[in-house]
Amino acid sequence: MIFSKEKTTLAYTVEKCTECEKSRKRDFVQGDVLFTKSSNCSFCGKVTIIEKIFGEILER
Amino acid sequence: MGDDTNPLMMLIWILPIILFVFYGQQIQLLVTSGEIKKGIKKLNGFRLNSKTELIDYVKDNLNPASDPTKKIEQFLDYFTIMPVDMDPGGIVEKVRHTVRSREDYTRNHIKSLSPGISDVELNRVQTLLEIASSLQMIHKIVNHMFLTAKKQKNYPLILPVQMILPFLMEHAEAMKSSIPAFKTGQPLGDGIGPMVVGKMMLDAEKEIISFQTALAKIEYEKRKLFLLKAEGPGSTVGRPDEALQKIVDDNKIDAVIMIDAALKMEGEDSASVARGFGAAIGGIGTEKFQIEHIATQNKIPIFSIIVKQSVKEAITLMSKEIADQADNVRSQVYDMVLENTAEGQSVVIIGVGNTAGVPQ
């Protein structure tokens, strides 16, 4: 279609700190699994847990 | 204004009328054929794409001893003959047996490709095989209906194909789009039920109660909660009906709460949450039948919470809107427990759906 936009789904991972409860959204990387430990919190340095993995549609 | 009686003008008007009277159906057949041909071409693309993705995935991740292409192609043509339903007595048992035999066969077939395969990987390949096989079947059926109508030059025969094609295309496109999520182990829209229950299970001790189905027991406001979901993070829906039977055999259950994704109606918002009664579970119906049977026999009320979504949302990577509902649904589950049970009572909470990418 001439006027339809190309749609791409981008996957994101949301990490939530177990201590300060701050969330951070980053790109999904292969191996990310819900409820597993992820990187350290950028605010308090404690471990974060993967809270959500979802896709957002980008229209170009 | 002498044109009204001009014989040439009359001919210009009458000729198309005669043409449409005698050849109307053939013209319609030609126009409709063009649309259907486009659909079939697209379906063929989906079919080939899913097959290539599956073969590449097996070659890259399973390290098969020999080239798996021939074996996979053979498997894609396997069919399932459903039991005779002229005498419906006992049909559910027969359907369950047929479907489970096919599932067992598929698993063994995949294991033969790579004997050391892990359960998560096995479930993933099994799902990819089912997708490729379904897309092959859809293409085959639509193509058959189209070619039959064309061969017979029968316009009414092509009408059902034209009517059903947009729905089939929606399903086929959803299946095609789900492949990347399954390959990378990402949660699907259908995984909202397992996601809600999986989080409730996190700190509790887990056991495998039936095939690919996990159980955890927790206390909440002096009530005993039996939490059930398919064993994640592999791509499976587990066997909640068998698990419920085992729980009910050993415990007095006062309520069952089921959380599932449900197809939204046109005009409804995606990710909207609704509460209701009855068993919220999809599939071919054997598990729903069994759960209803257990509940009826033991006089247990079934409550359900559904998160509405489209076909595509249900089997592709979970959307942000659906993921954002997880906490809301969880709090609604706790509300439901308090509203419908008294202290000391027991509730089974089932997170229904494909648990791909959702552990517990």
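Predicted model: local features only at pLDDT ≥ 70, side-chain atom pairs only at ≥ 80, totals over all residues.
Confidence was examined for chain A, whose mean pLDDT is 89, with 93% of its residues at 70 or more.

The interface involves 13 residues of chain A in contact with 19 residues of chain B. About 1400 Å² is buried between chain A and chain B, and carbon and sulfur atoms account for 66% of it. On the side of chain A, the most area is lost by A:Leu34, A:Phe35 and A:Lys52, which together make up 38% of what that side buries. One of these residues, A:Lys52, also forms a salt bridge through its side chain with B:Asp324, at an N to O distance of 2.9 Å. In total, two salt bridges are found across the interface of chain A and chain B, along with three residue pairs in polar contact. Two elements of chain A, strand 1 (7-17) and strand 4 (47-59), each give two or more residues to the side that touches chain B. Strand 4 of chain A provides the largest share, six residues. By type, that side of chain A consists of seven nonpolar, three polar and three charged residues.

Within chain A, A:Lys7 lies in strand 1 and is exposed, with a relative accessible area of 57%. The C-alpha atoms of A:Lys7 and A:Glu59 are 4.6 Å apart, although the two residues are 52 residues apart in sequence. Leaving aside residues up to four places away in sequence, A:Lys7 touches A:Ile57, A:Leu58 and A:Glu59.

Over all chains, 26 salt bridges are counted. In one of them, B:Lys183 pairs with B:Glu53, with the closest N and O atoms 2.5 Å apart. Because B:Lys183 lies in helix 5 (residues 155-184) of chain B and B:Glu53 in helix 1 (residues 7-61) of chain B, this pair ties together parts that are 130 residues apart in sequence. B:Lys183 is partly exposed at 22% relative accessible area, as is B:Glu53 at 23%.

A salt bridge also joins the side chains of B:Asp241 and B:Arg96 (4.0 Å, N to O). This pair links helix 7 (residues 240-250) of chain B, which holds B:Asp241, with helix 3 (residues 91-113) of chain B, which holds B:Arg96, 145 residues apart. Both B:Asp241 and B:Arg96 are buried.

In B:Asp104 and B:Arg107, the closest N and O atoms of the salt bridge are 2.8 Å apart. These residues are separated by about one helical turn, because they are three residues apart in helix 3 of chain B. B:Asp104 is partly exposed at 36% relative accessibility, whereas B:Arg107 is buried at 9%.

Notes. Residues numbered from 1 in each chain as written. Chains lettered and ligands numbered in written order. Heavy atoms only, no water. Contact = heavy atoms within 4.5 Å. Buried area = accessible area lost by both parts, 1.4 Å probe. Polar contact = N/O pair within 3.5 Å; in protein donor to acceptor, adjacent residues only side chain to side chain. Helix = DSSP H or I, 4+ residues; strand = E, 2+ residues; numbered from the N terminus. Nonpolar A, V, L, I, M, F, W, Y, C, P; charged D, E, K, R; others polar. pLDDT = per-residue confidence, 0-100. Buried < 20%, exposed > 50% of the residue type's maximum accessible area, 1.4 Å probe, protein only.
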